[in-house]
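Hi,

Here is the structure I promised to pass on.

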Amino acid sequence: MEGLKVSDANLVVYVHPSKSNKVPQAVLRELSSLLFRFNESFDGVVLAYDVQIQDKIAKILPGFHPYFGVKLKAKLLLFAPKPNMLLEGKVVKLTERSIHVIVLGFSSAIITGEDIREDFNHKIKHGDELFASRSQKRHVIKVGTMIRFLVKSFDEERLHISGSLLPANTGSIRWLARHSEDFSVSDRSTRKRSESEGELVGGETYSLNNDHQIKKSKKHRIRE
């Protein structure tokens with residue numbers, strides 16, 4: 001699935017001297033405050049991290065008394081959906097004019113009627129609402145279906161995605177997998193677009209203060 005990336009970053013975490021005998025636990029507690037929130041410095045939602053403490057001896061920093069700084073090397077897993085990326089999620093609700101999806105268990109997405117291609121027809125079968133393809137009878141989307149959809153926009157504050165099922169290579173993942181040859185050309189084009197967008201590389205230094213705010217001391221470098 002697109003929208004996921006790994007970033008290497010240098011961090012400085014500020015810890016109170018009262019936690020000096022439990023620095024690893026204090027550091028992890030501070031880092032956990034970053035999880036499942038959009039972070040502008042990293043340009044994504046932090047999903048997970050793997051850290052290594054660089055200095056075994058922490059130093060008290062001028063201007064931050066009485067806190068001391070702990071330097072870390074961190075590998076961050078980020079969720080950073082951009083327009084025209086393909087995401088996957090589970091359908092949790094259907095109406096005649098919308099499909100509601102959960103992505104990675106925490107980010108909500110909605111696909112409104114204008115973004116559902118005309119080939120899909122809304123039906124009620126055995127009391128359950130669903131969308132069924134007119135041209136491919138076995139292509140059905142209902143509550144519980146895992147779907148692939150195109151990103152239109154991403155609300156960074158609410159972690160809410162606006163999506164689309166207009167492209168032919170979107171819909172039920174199970175159905176698409178069985179007909180993958182039909183979309184091989186589209187998939188290759190998507191991969192080329194993703195590669196051309198570049199990736200985040202190391203070299204940034206960030207500071208995490210006691211208010212869980214991040215400050216960046218050097219701009220991102222993008223490798224094309």
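A quick definition before anything else: by contact I mean heavy atoms within 4.5 Å. With that in mind, take Ser164. Leaving aside neighbours within four places in sequence, Ser164 is in contact with Ile111, Asp115, Phe149, Leu150, Lys152 and Thr170. Ser164 sits in strand β13 (residues 160–164), and its relative accessibility of 4% makes it buried (under 20% relative accessible area; over 50% is exposed, and in between is partly exposed, with a 1.4 Å probe and protein chains only).

Some ground rules. This is a predicted model, with residues numbered from 1 along each chain as its sequence is written, and local features need pLDDT of at least 70, while side-chain atom pairs count only at pLDDT 80 or more. Totals for chains, interfaces and linings use all residues, and side-chain values use heavy atoms, with hydrogens and water left out.

Now the overall picture. The protein chain has three helices and 18 strands (DSSP runs numbered from the N terminus: H or I of at least four residues for helices, E of at least two for strands). Of its 224 residues, 41% are buried. Among contacts between residues at least 6 apart in sequence, 60% join residues at least 24 apart.

Ile99 and Phe149 turn up again in the largest nonpolar core, which has 24 residues (a core being buried Ala, Val, Leu, Ile, Met, Phe, Trp, Tyr and Cys residues joined through side-chain atoms within 4.5 Å). The members touching the most others are Ile99, Val101, Ile141, Ile147, Phe149 and Ile161. Strands β3 (44–53), β6 (86–95), β7, β8 and β12 (146–155) each supply at least two residues of this core, and β12 gives the most, with four.

What about helix α1 (residues 23–32): which of its residues are buried? They are Val23, Ala26, Val27, Glu30 and Leu31.

Last, two loop residues. Leu104 is in the loop between β7 (98–103) and β8 (107–112), and is partly exposed at 41% relative accessible area. Ser180, in the loop between α2 (173–178) and α3 (184–196), is also partly exposed, at 39%. Ser180 and Asn169 are eleven residues apart in sequence and 8.8 Å apart, C-alpha to C-alpha.

Cheers
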